[in-house]
Amino acid sequence: MRRIIVLSFITLDGVMQAPGGPEEDKSGGFEYGGWTAPYDDESSGKFMEKQLKPADLLLGRKTYEIFASYWPKHADGWPGINDVTKYVLSGTMEKSDWKNSVFLKSLADIENLRKSNGSEIKVWGSGRLVQLLLKNDLVDELWLNIHPLILGRGKRLFDDGTIPSAFKLKESSVTPTGVIIAKYERDGEVKTGTVGAS
């Protein structure tokens with residue numbers, strides 16, 4: 001079975017929309033695109049190198065289109081991006097000029113992909129896809145880059161349909177600009193109790 005890893009840049013209030021630039025995703029009148037840029041530094045760059053290590057990708061259509069318009073011409077910034085398999089969940093898109101792109105139509109296709117043999121599968125961006133995965137307990141790891149700001153509006157990583165699940169912190173670091181980089185691994189069911197009870 002392959003592991004599905006969700007990597008996301010989020011704010012303190014869970015917003016994940018358009019972290020990379022002003023033109024990335026203006027839907028819903030979002031006006032804060034590029035909110036991660038002021039927090040970039042050498043320390044976060046080293047962690048990005050680790051997160052960008054080659055692995056197959058699973059993307060939603062919108063994120064795929066953003067990636068396909070940029071990365072084929074800038075692959076030096078993400079070694080191996082053109083060579084790994086890009087799985088795309090889309091009900092409308094069936095082909096692309098970007099090599100090694102495979103189009104999936106349903107949740108069942110993702111479940112079959114996860115059961116197959118191969119490398120781990122990384123999910124970048126792709127908010128609606130991530131929520132679908134979280135609703136169906138298909139996320140094995142969360143790699144979150146939590147930025148020290150609140151935006152109050154925008155697409156969020158978690159929504160009301162996310163199933164209750166426990167995660168264990170496996171690795172963490174804080175950059176000089178205050179970004180918390182945390183790697184969480186799925187850790188069974190949610191446990192409850194009473195604080196202070198013996």
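This is a short tour of a predicted model, stop by stop. Residue numbers start from 1 along each chain as its sequence is written, and side-chain values use heavy atoms, with hydrogens and water left out. Local features need pLDDT of at least 70 and side-chain atom pairs count only at pLDDT 80 or more, while totals for chains, interfaces and linings use all residues.

**Stop 1: strand 3.** Select residues 86-89; strands here are DSSP runs (E, at least two residues), numbered from the N terminus. In a regular strand the side chains alternate between the two faces of the sheet. Lys-86 and Val-88 sit on one side, Tyr-87 and Leu-89 on the other, and all are buried (under 20% relative accessible area, 1.4 Å probe, protein chains only).

Click Gly-60 and its bridge partner Leu-89.

**Stop 2: Arg-114.** Jump to helix 3, residues 107-115, where you'll find Arg-114 (helices are DSSP runs of H or I, at least four residues). Arg-114 counts as buried because its relative accessibility is 13%. Show side chains: Arg-114 makes a polar contact with the side chain of Asp-140 at 2.7 Å (a pair of N or O atoms within 3.5 Å; within protein, one must be able to donate a hydrogen and the other to accept it, and residues adjacent in sequence count only if both atoms are side-chain atoms). Leaving aside neighbours within four places in sequence, the contacts of Arg-114 (heavy atoms within 4.5 Å) include Met-1, Ile-4 and Leu-138.

How values were computed
Buried < 20%, exposed > 50% of the residue type's maximum accessible area, 1.4 Å probe, protein only. Pairing = 2+ DSSP bridges.
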